[in-house]
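Hi there,

Here is the structure I promised to pass on to you. Have a look at it first, and then read my notes below.

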Amino acid sequence: MATMSAALLLLAALSGCTFDLAQATPVKKDEMIKWEPATATWYGSPNGAGTDGGACGYGSLPNTPYGSDVGAGSPILFMNGIGCGTCFEVKCVDGQLCSPQPVNVVITDECPGGYCSGGRTHFDLSGTAFGKMASGSANIQHLLAAGVLNVLYRRAPCIYKSQGVVFQVADGSTPFWFETVIRYLDGPGDLATVELQQFGSSAWQPMSQVWGANWCLNAGGGTPLRAPFSIRLTALQTGEKIIAHNVIPANWAPQHSYSTGVNFDTRNY
């Protein structure tokens with residue numbers, strides 16, 4: 001259900017890596033703790049992680065730090081990809097079927113139609129995450145059969161337990177066009193800016209969000225980008241900056257992932 005349209009991919013490909021997505025407005029800290037109303041459905045397998053791939057570009061999710069407690073967000077949550085990797089607490093409100101405890105979910109996909117349309121705040125959760133809102137194993141099947149639920153939600157810090165940020169170089173990257181998927185951001189989970197520093201340079205060059213969690217830098221002209229690359233990330237909600245020094249090695253290759261020992265401080269969120 002929740003997949004990125006071919007039209008968006010084509011637009012990104014033709015943009016020359018300058019596709020300017022709508023900028024998200026940071027949410028004030030005191031607003032993050034309030035429970036807000038929304039609706040929720042589920043998709044994929046009853047015990048699964050939704051679908052592989054998706055509009056954030058994370059690919060297969062089981063056996064990764066994202067796990068199976070994930071969901072596709074309506075456009076108001078997905079925010080043209082800025083919402084990729086953001087974390088929420090979600091709980092349903094049916095006193096007979098629902099647990100009072102929320103499930104923590106990560107936005108890994110977009111839900112563009114149906115209940116997700118019309119400016120609604122809607123979570124299309126994996127079957128696993130949806131079932132965890134039940135008030136015990138005996139009610140899981142009843143909850144899954146309910147279809148759409150009224151829920152309460154609020155932003156929550158992302159915590160990956162000593163996992164550093166990971167950069168996966170996108171397929172098709174060249175010395176003139178460098179694109180990366182950014183994964184496992186602690187704290188707010190969303191980014192305001194991504195900047196790249198080439199080997200031998202003190203300048204930080206702004207990268208552009210192409211789609212989902214994919215950011216790129218187009219070298220332009222005839223001069224290739226010089227690796228190793230350092231990458232500087234700025235969190236959207238807190239403004240915190242972190243630097244992954246020389247994280248992309250000189251011999252980098254498309255589809256390879258490069259781990260860091262840095263991440264955002266969850267205490268700042």
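**What I found**

The chain has 5 helices and 15 strands; both are DSSP runs numbered from the N terminus, with helices (H or I) of at least four residues and strands (E) of at least two. Please keep in mind that this is a predicted model, where local features need pLDDT of at least 70, side-chain atom pairs count only at pLDDT 80 or more, and totals for chains, interfaces and linings use all residues. Residues are numbered from 1 along each chain as its sequence is written, and side-chain values use heavy atoms, with hydrogens and water left out.

**The chain as a whole**

Of the 269 residues in the chain, 52% are buried. Buried means under 20% relative accessible area, exposed means over 50%, and partly exposed is in between (1.4 Å probe, protein chains only). The accessible surface comes to about 12100 Å², and carbon and sulfur atoms account for 53% of that; the areas come from the Shrake-Rupley method with a 1.4 Å probe, and for residues only the protein chains shown count as cover. If you take the contacts (heavy atoms within 4.5 Å) between residues at least 6 apart in sequence, 73% of them join residues at least 24 apart.

**Salt bridges**

Side chains of opposite charge can pair when their charged atoms come close. How many salt bridges does the structure hold? There are 5 salt bridges, each being a side-chain nitrogen of Lys or Arg within 4 Å of a carboxyl oxygen of Asp or Glu.

One of them joins Asp 69 and Lys 132, at 2.8 Å from N to O. This pair links distant parts of the chain, 63 residues apart: Asp 69 is in the loop between strand 1 (36-43) and strand 2 (70-73), and Lys 132 is in the loop between helix 4 (127-131) and helix 5 (140-145). Asp 69 counts as buried at 18% relative accessibility, while Lys 132 is partly exposed at 47%.

Glu 89 and Arg 154 also meet in a salt bridge, at 2.6 Å from N to O. Here, too, distant parts of the chain are linked, with Glu 89 in strand 3 (residues 87-92) and Arg 154 in strand 6 (residues 149-156), 65 residues apart. Glu 89 is buried, with 17% relative accessibility, and Arg 154 is partly exposed, with 24%.

Arg 267 and Asp 265 form another salt bridge, at 2.9 Å from N to O. Arg 267 is exposed, with a relative accessible area of 73%, whereas Asp 265 is partly exposed at 22%.

**Backbone details to look up**

Where is the place of Pro 228? Pro 228 sits in the loop between strand 12 (214-218) and strand 13 (229-235), and the peptide bond from Ala 227 to Pro 228 is cis, with omega near 10 degrees.

Ser 162 is not a glycine, yet its phi is positive, at about 70 degrees. You will find Ser 162 in the loop between strand 6 and strand 7 (166-169), and this serine is exposed, with a relative accessible area of 82%. Gln 255 is another residue other than glycine with a positive phi, near 75 degrees. Gln 255 belongs to the loop between strand 14 (241-248) and strand 15 (257-259).

Enjoy exploring!
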